[in-house]
Every structure is written in structure tokens, then in C-alpha cells.
Amino acid sequence: MSNTERLEHRASFGGWQDVYRHRSEVLGCDMTVGVYFPPQAGKGEKLPVLYWLSGLTCNEQNFITKAGAQRYAAEHGIIIVAPDTSPRGDDVANDEAYDLGQGAGFYLNATRDPWAKHYRMYDYIVEELPAWVESDPAASDVRAISGHSMGGHGALMIALRNPGRYRSVSAFSPIVAPSQVPWGEKAFSAYLGDDPEAWKEYDTVELIRRGTEEKLSLLVDQGDADEFLENQLKPQLLREAAEAANHPLDLRMRAGYDHSYYFISSFIGDHIAHHAKAMKS
């Protein structure tokens, strides 16, 4: 991993939970990334990589400290990469609200000023970050992708837009139709402008409606006590689009669970096992 500074190095389940800072040319800033290397790393075999995309207000720390994923990654021999959610820095555009600007990159390529200079998270996640990760001798180019909330939107959308690039995809509490909910409408209008056709390129429901040659199965967990369920997440729109397009979807409504990492940590083992099976088949 070139042009990199290691910030943290902590033993975890026989492997190492690291945090790195590296220079992103795509974003024009330094980025921090959590990388978990399981105990199988460094033994001559290249390991598959699961990319985790976090939600609004998060950085790499939320997932690596709260999800409890290291145990399962060690069990299955998977590297987990958890990047920050947006570009950051004094010269990076920002907003006082929590749902726009730094911490709210929405995993797209912004086209409007002042955001366009730095907010190119789509290119960073799809191209630059994997190239950086796969420069490490322990990492293979066998990939899966997952995420939560805004990151669930990112994971589903990126997998659908890049057939063949990921072996599997999953999400917790994803924003499935950002073009139709307040979080997405605010961010998309700021980053992309008022053209609804531009919004559709980053909308999971719209991408499913278009159809793709590769119908990668979608695994989604959603708590039925989620405080954002009806206003921002609307999983029924995902179910309706998948049924209409005959797109495989396993949407699991979890009784009593909310939007928090208590929910994610309860089922992260299921998701990692799902990705391990797909990446090692």
C-alpha cells in the first residue's frame, strides 16, 4: 500500500485491525481507511476482500469498533476494508447540516460546485480504493460489498452499476430510493443538480427497473422499529421493483430492531458468511 501512513495497529481475533491514512488523487485529499487483516493474511494466499460503506455522519471508526465483524472475518479468512464516508479537510466543501457535505458523500460523483472538486466517492470506491488495497500482497481482486443506511445505498447502487466486479452484495437499512426521500433529494439536488435523469444513475430502485444482464442477488436486513423506516428508507419500494424486474432479493424484516449498530452487530455474522460463500465458490 503505497503513499500510506499506518495510524492504528491492534491485535484482534488472531489478526490485525489497522487504520491507514493515504492520499486520494481522485478526491484531492487524505483519506482514512480501516483494514482488518485476518490471521490467514501473510501466509502466501491472497484473500478475498469485503468493502464496507458506512452511513451518514460516520467515518471508518463506527464500523470497526461497533459491528463486531473481526471475529467473523477471522473465521472465514476475509479482509474487510472500511473507508471514510466522504472527503475531508479544511479546503473541502462542507455544510452545517449532518446530511450534506463532510460525512455525507452519498457515494456519487458530484457535478455541481462547490462539491465537484472533491466529492467523487463513486470513483474512489469503485476504482481507486480497490487498486490501493490490492497493491497489498495479502489482498486478491475477489470482492464483495456491503453497507449501512447511506452506505447500504452505496453498496447496492455500486454493485448494480458494475456487473461482474463484485461476487456479492448486502445492506443493512439501505436508502433504496434516494430520488424519492428527503435525504436523497437534498443531497442529489446539491451534488448533481435538478435533472432527475442524473439522479437515476445513483438510485437502486431505478437501476433495478432498468434491468441488467447480471442479476446479482441482493441481501437486505431491515429493522421494523427503525425510526427512519417510513420516511427515508421505504424498503417496500425495493421489494416492488425487484418483483417487477424478477431481480433476486432476500429482504428480511427484523422484528424490534432499529437503525443502530446494535442491529448491525446482531446480523453481521450472517452477512459475512453470505459473502464468504460467494467469494470462495
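**Cysteines and the largest pocket**

The sulfur of C29 lies 17 Å from the closest cysteine sulfur, that of C58, which is too far for a bond. A disulfide was taken as a pair of cysteine sulfur atoms within 2.5 Å. By this rule the count is 0 disulfides. C58 is accordingly in no disulfide, with the sulfur of C29 as its nearest cysteine sulfur. C29 counts as buried, at 4% relative accessibility. C58 also counts as buried, at 7%. Buried means under 20% relative accessible area, exposed over 50%, and partly exposed in between (1.4 Å probe, protein chains only).

The model is predicted: local features need pLDDT of at least 70, side-chain atom pairs count only at pLDDT 80 or more, and totals for chains, interfaces and linings use all residues. Residues are numbered from 1 along each chain as its sequence is written, and side-chain values use heavy atoms, without hydrogens or water.

α1 (60–66) and α10 (261–280) are the elements that give two or more residues to the lining. The largest share, 3 residues, comes from α10. Helices are DSSP runs (H or I, at least four residues), numbered from the N terminus. The pocket holds about 250 Å³ of space. A pocket is an open set of points on a 1 Å grid where a 1.4 Å probe fits, with protein on both sides within 12 Å along at least five of seven lines; lining residues have an atom within 4 Å of a point.

The lining divides into 7 nonpolar, 7 polar and 1 charged residues. Asp, Glu, Lys and Arg count as charged; Ala, Val, Leu, Ile, Met, Phe, Trp, Tyr, Cys and Pro as nonpolar; the others, Gly among them, as polar.

Technical notes
Grid points are joined across faces, edges and corners, and a volume is the space filled by probe spheres set on the points.
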